[in-house]
Amino acid sequence: MLLKRRKVIKSGILGSAGLFLSSPISALPRFATSEDTNAITVSFCGTSCTRDEGQVSRNNSDKNIYLPSTGYIPVRIMKELDGFGKSVRGCGQNDWATSNTSEPLLVKGPLSVPHSLLSYIHSYINGDQYSLVEAAKGSSMPALALHGANIAAASKAEAFNFIGHNRGACEAIIAAWFLYAYGDEKTRKTPVNIFAIDPVPGPGAWYGLLTQLPPNVVSYVGVYAWDMDKNLNITDHAFQAVVPRPNGRMRGENNEIKLHTQSWLNWAKSERSWSVLADEAQQKNPLEPDDNTPQPLGYELYTCRGRHSTVAGNTTADGAYNPSKCSDNVAPVPELIYKMARGYLTQWGSKFTTPCAVEEDVLTLRKHIHTFHREFDQMGGGPLRNSSLPNRPYVRRISSISGYNPLDTYYMEDVVGNPPYKLTYPVTSERTGKGWVDWKFL
């Protein structure tokens with residue numbers, strides 16, 4: 001099964017209408033790892049998600065919303081690996097569904113971090129971390145990112161493979177920066193591979209750490225949900241996704257950067273020495289148009305039908321949390337993303353001891369998604385996303401711009417280019433333009 005799956009992925013993803021999309025692992029960077037590499041895998045859970053998310057029911061989250069074969073993908077992936085790695089709890093939640101406390105985070109070494117960072121994260125290190133306020137704010141992201149980075153650094157592995165969902169995907173990016181900025185020479189040079197499932201930082205400041213990939217990242221795969229909107233559901237306002245900028249290596253250019261440590265915006269804040277590390281390293285914006293720049297290597301952007309929770313394993317027809325609304329027509333999305341995650345991680349050197357739980361091939365799953373798409377259409381506001389209201393309320397916003405301005409966003413439909421016309425991706429009549437990076441439509 002593993003060999004068959006890798007063959008399918010390497011040969012490309014064939015669209016339901018006979019459209020060929022380039023292989024998700026055909027454009028690996030020069031320093032990409034292989035299946036023989038000694039790689040550690042670290043999984044970062046999303047906001048309010050536990051390290052047994054999808055395995056045990058808890059308040060406000062019934063495990064039955066998840067497909068039995070895939071579960072909550074970041075957790076299920078870790079259960080199927082060889083044990084070389086660890087999962088990290090989500091913001092505003094404890095480790096386990098039945099626990100009222102959390103294991104202490106590994107924050108004091110082996111990375112040599114500044115006192116300002118340790119001071120900022122001290123209240124998130126252990127104890128009862130369940131907090132609806134923290135789930136909304138996400139201030140614990142740096143603590144969880146440092147924990148994951150220290151786990152990776154302590155392993156002395158030849159490659160660091162990160163998978164994350166929601167804020168967990170953002171923590172994977174931050175963790176890569178901490179490895180680069182605070183690791184020893186060997187750690188700084190160890191390649192980092194990231195599989196990001198709908199990275200969403202939430203409200204507030206979008207640090208430069210989130211909007212730029214550091215030089216040690218050799219592979220970034222981002223999967224973004226198409227059927228989130230801006231106004232249909234009030235909670236969608238906080239689900240604007242980040243698209244980090246490819247680094248110099250990915251663009252075939254100079255990969256050296258200068259780490260920044262001070263900013264007049266942060267002069268009175270305790271986090272100033274770490275939160276601005278990437279502020280002066282912001283490179284080419286992948287969402288801006290440019291016809292002359294070659295496509296980056298090791299940098300893949302995908303969009304998929306479904307909502308923010310759908311691409312991580314939720315199979316309800318509305319992307320919410322009532323298991324009575326689970327739909328067989330929604331299930332192929334989690335199955336597809338699960339297969340992708342396993343395929344990429346295998347290519348990057350992660351070792352699976354459990355066979356792939358999804359037997360359908362990629363073509364069959366994509367055919368189902370685009371044949372039975374009614375639930376996805378309704379998730380985002382209907383089969384047509386036009387509205388008499390201003391500012392395209394049924395179109396998702398994404399961004400690659402750091403800073404404190406929540407209006408620094410793009411309409412997602414304006415940066416991905418024209419969806420293949422035989423695939424069902426609803427767009428408005430106002431859709432225009434394209435970013436210089438080519439997106440792939442699943």
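Two strands are said to pair if DSSP finds at least two bridges between them; strands (E, at least two residues) and helices (H or I, at least four) are DSSP runs, numbered from the N terminus. Good morning. The model before you is predicted, so local features need pLDDT of at least 70 and side-chain atom pairs count only at pLDDT 80 or more, while totals for chains, interfaces and linings use all residues. Residues are numbered from 1 along each chain as its sequence is written, and side-chain values use heavy atoms, leaving out hydrogens and water.

I begin with the sheet. Seven strands form an open sheet in the order β4-β3-β5-β6-β7-β9-β12, with parallel pairing. Its edge strands, β4 (85–88) and β12 (439–441), each pair on one side only. Strand β3 (residues 39–44) joins β4 in the parallel sense over four bridges, and Ser-43 stands opposite Ser-87 in β4.

Next, helix α10. Just after α10, Gly-349 takes a positive phi of about 110°.

Finally, the aromatic rings. The structure holds 13 aromatic pairs (centres within 6.5 Å; planes under 30 degrees apart are stacked, over 60 edge-to-face, the rest tilted). Phe-195 and Tyr-344 form a tilted pair, 5.8 Å centre to centre with 45° between the planes. Because Phe-195 lies in strand β6 (residues 192–197) and Tyr-344 in helix α10, this pair ties together parts 149 residues apart in sequence.

How values were computed. Rings of Phe, Tyr and Trp (its six-membered ring) pair if their centres lie within 6.5 Å; planes under 30 degrees apart count as stacked, over 60 as edge-to-face and the rest as tilted.
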